[in-house]
Amino acid sequence: GDMRQRIIRAAGGNPLFITEMLAVAHEADGEMVVPPTLQALLAARLDQLEPGERSVLERGAVEGEVFHRGAVQALAPEETHVTPRLAALVRKNLIRPDRPQFADEDGFRFRHLLSRDAAYDALPKAMRAELHARFATWLEQHGAELVELDELVGYHLEQACRYRAELGLPDDDMLSAAARRRLTAAGQLAKVRLDSTAAVRLLERAVTFVPAGEIDRAIELELVDVLFETGNDGEALRRVGSFIERASAAGDRISELCGQIKEGILRSYLEPDGAAENTAALLEQALPVFEAAGDDLALYIGYMALGEVANMRAQQDEGMQAYDRAAVHAQRAGVPARLVGYRSSMRFHGSTPVADQLAWMDEQGEAGTRNANFRGIRANALAMLGRFDEARAILAEARGELADRGGGIWLGGLTGQNSLEVELLAGDPAAAAAFGEAGCRILEELGERSMLSTLLGLRAQALYALDRLEEADASAGRAVDLGASDDAYTQMLWRQVRAKVLARRGEHAEAEQVALEAVAIGAETSMLDAQANAHADLAEVLLLAGRAVEATAALEEALARYERKGNLVMAGRIQERLAELHPRPRRSRVNARSR
């Protein structure tokens with residue numbers, strides 16, 4: 001009874017303490033002391049183990065809560081009884097068998113994480129450093145099939161370097177370089193799958209291994225990108241500014257130009273007006289320098305930026321060529337870039353027919369399955385074919401994944417553009433407007449302006465379809481305020497909505513002028529579907545003015561473009577509209593028989 005009370009007092013309501021104390025009592029031979037804390041209790045259980053059992057448990061703890069027999073053997077090569085010692089630890093209820101992550105291995109799991117932590121904490125730091133490095137080597141040899149191999153190996157190398165530093169040991173350059181390489185690769189892969197939050201965490205850790213005075217474009221500029229994508233635009237600009245200064249001081253002209261290009265692209269999202277022109281001028285200067293040097297990493301950065309400029313100007317066919325070239329240089333440079341999303345977007349928004357778009361995406365195989373933007377474009381293409389349920393399912397899954405990863409600008413775009421456009425095609429403007437509002441809110445919170453201006457224009461279209469004219473006009477007005485003067489798509493969108501609102505107010509002359517401006521801007525782009533939308537909106541303006549003949553001509557222009565694009569849904573609607581305007585006369589039965 002006294003022992004029961006002492007255990008209850010020390011446990012303080014923690015059932016884990018009671019469970020562990022019962023295990024100690026079961027194993028005790030004589031007088032038993034009740035430790036004051038759970039940590040002390042777990043340490044006491046370790047002290048009761050035979051040296052060989054304790055050594056095996058500690059080496060398992062280096063791998064983690066789940067570990068493998070082969071890893072323990074590699075970390076304790078002198079131990080000849082690993083298997084029976086693991087069996088003894090299972091009998092003592094410290095570990096239990098678990099499903100292995102590697103072929104031909106036995107897996108185990110600590111009964112709870114605190115037991116693992118107690119075993120790990122018992123290891124001296126010098127031993128931890130050595131064991132982490134040795135486990136990284138074992139993992140490289142056995143974990144080739146693991147998706148997260150780079151991240152896991154990088155972590156263990158990082159821990160080895162950390163404990164060496166804490167002990168004041170000399171830097172191990174090979175160890176540091178390996179940690180940097182693995183964490184960089186893991187960060188780049190996280191970026192490819194649009195997990196920007198994870199990419200920031202991994203690349204920030206990789207940067208710490210860059211020696212003072214050295215410039216590492218691959219790590220530092222990738223980190224700038226993902227910082228911006230997670231809404232840390234101030235830190236992104238600070239880092240790219242520092243990068244440019246250090247490159248200039250080191251006389252590294254190529255890195256300096258790469259930093260200036262990256263800074264220009266960032267500012268195009270925050271201060272879009274004139275940014276495309278400035279970046280294009282810089283690229284005219286930089287690309288010949290990169291080509292002369294044969295620097296594939298710099299050329300990848302340069303052609304990525306050229307694709308951004310083309311996208312801003314709505315020259316999607318040119319953007320497609322730029323991104324395709326960027327993909328070639330990325331592959332040569334060994335950079336796992338996420339270009340499949342950009343390349344699919346340029347094809348979709350340019351002149352590529354939907355059927356060819358989907359065939360191209362199918363050819364990419366697994367390359368795009370983990371990229372939410374790639375899947376978002378696929379959803380839009382399917383919606384043009386009327387396959388709305390498939391499109392919605394794809395987008396719901398992609399939005400959920402991005403939300404789980406922290407959101408960021410990609411979630412804003414997928415919500416406020418891809419999802420909105422699918423709902424407009426499906427004939428549900430209320431759902432489209434809701435997605436538009438949610439997407440705009442995400443980008444506003446991040447301080448982004450370029451994408452936001454386009455989303456505001458799309459949201460205005462949805463609001464107009466709901467007959468919420470004042471809200472539609474206000475949303476178009478905000479697009480005017482935020483959009484760059486050379487952002488062709490935004491300039492088209494706000495004019496299309498403003499023209500229709502003016503026409504509904506009876507201001508027909510001004511409405512026609514504004515609608516014709518949108519058509520003229522579209523004519524200078526390669527956005528086939530957007531051109532068709534502009535002609536269709538011009539037709540509505542003309543119909544509201546009672547000019548059916550001219551409206552018919554505008555609808556026929558829209559139809560020709562929808563058909564070239566393969567947008568079956570909109571082509572069908574335009575055909576119905578034309579049939580309403582010009583119904584065929586019904587034949588009499590007599591005339592039909594006489595023919």
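This is a predicted model: local features need pLDDT of at least 70, side-chain atom pairs count only at pLDDT 80 or more; totals for chains, interfaces and linings use all residues.

Reader: How is the packing of two helices described?

Author: Two packed helices are described by the angle between their axes and the distance between the axes. Here, the axes of helix 16 (residues 296–312) and helix 17 (residues 316–333) come within 8 Å, with a crossing angle of roughly 165°. Angles over 145 degrees count as roughly antiparallel, and helix 16 is therefore roughly antiparallel to helix 17. The crossing of helix 16 past helix 17 is left-handed.

Reader: Which residues of helix 16 and helix 17 make the contact?

Author: From helix 16, they include Leu299, Tyr303, Leu306 and Ala310. From helix 17, Ala322, Tyr323, Ala326 and Ala330 are among them. Sorted by class, the contact of helix 16 with helix 17 has 12 nonpolar, 5 polar and 5 charged residues.

Reader: How do helix 23 and helix 24 cross?

Author: The axes of helix 23 (residues 429–446) and helix 24 (residues 450–465) cross at roughly 155° and come within 8 Å. This pair is therefore roughly antiparallel as well, and helix 23 passes helix 24 in a left-handed crossing. Helix 23 contributes residues including Ala432, Gly436, Cys440 and Leu443, while helix 24 contributes Leu452, Leu455, Arg459 and Leu463 among others. By class, the contact of helix 23 with helix 24 has 12 nonpolar, 2 polar and 3 charged residues.

Reader: Let us turn to single residues. Is leucine 283 buried or exposed?

Author: A residue counts as buried when its relative accessible area is under 20%. Leucine 283, which is found in helix 15 (residues 275–293), has a relative accessible area of 2% and is therefore buried.

Reader: Which residues is leucine 283 in contact with, leaving aside its neighbours within four places in sequence?

Author: Leucine 283 is in contact with Ile261, Pro288, Gly302, Ala305, Leu306 and Val309.

Reader: Where does asparagine 567 lie?

Author: Asparagine 567 lies in the loop between helix 29 (548–565) and helix 30 (568–581). Asparagine 567 counts as buried because its relative accessibility is 1%.

Reader: What joins the side chains of asparagine 567 and aspartate 529?

Author: The two side chains are joined by a polar contact of 2.9 Å. Apart from neighbours within four places in sequence, asparagine 567 is in contact with Met384, Leu425, Asp529 and Tyr562.

Conventions:
Residues are numbered from 1 along each chain as its sequence is written. Side-chain values use heavy atoms; hydrogens and water are left out. Helices (H or I, at least four residues) and strands (E, at least two) are DSSP runs, numbered from the N terminus. Buried means under 20% relative accessible area, exposed over 50%, partly exposed in between (1.4 Å probe, protein chains only). A polar contact is a pair of N or O atoms within 3.5 Å; within protein, one must be able to donate a hydrogen and the other to accept it, and residues adjacent in sequence count only if both atoms are side-chain atoms. Contact means heavy atoms within 4.5 Å. Axes are lines fitted to C-alpha atoms, for helices over the stretch in contact, and angles run from 0 to 180 degrees between N-to-C directions. Angles under 35 degrees count as roughly parallel, over 145 as roughly antiparallel, 65 to 115 as roughly perpendicular and the rest as oblique. A crossing is left-handed if the near helix is turned anticlockwise from the far one by less than a right angle, and right-handed if clockwise. Ala, Val, Leu, Ile, Met, Phe, Trp, Tyr, Cys and Pro count as nonpolar, Asp, Glu, Lys and Arg as charged, and the others, Gly among them, as polar.
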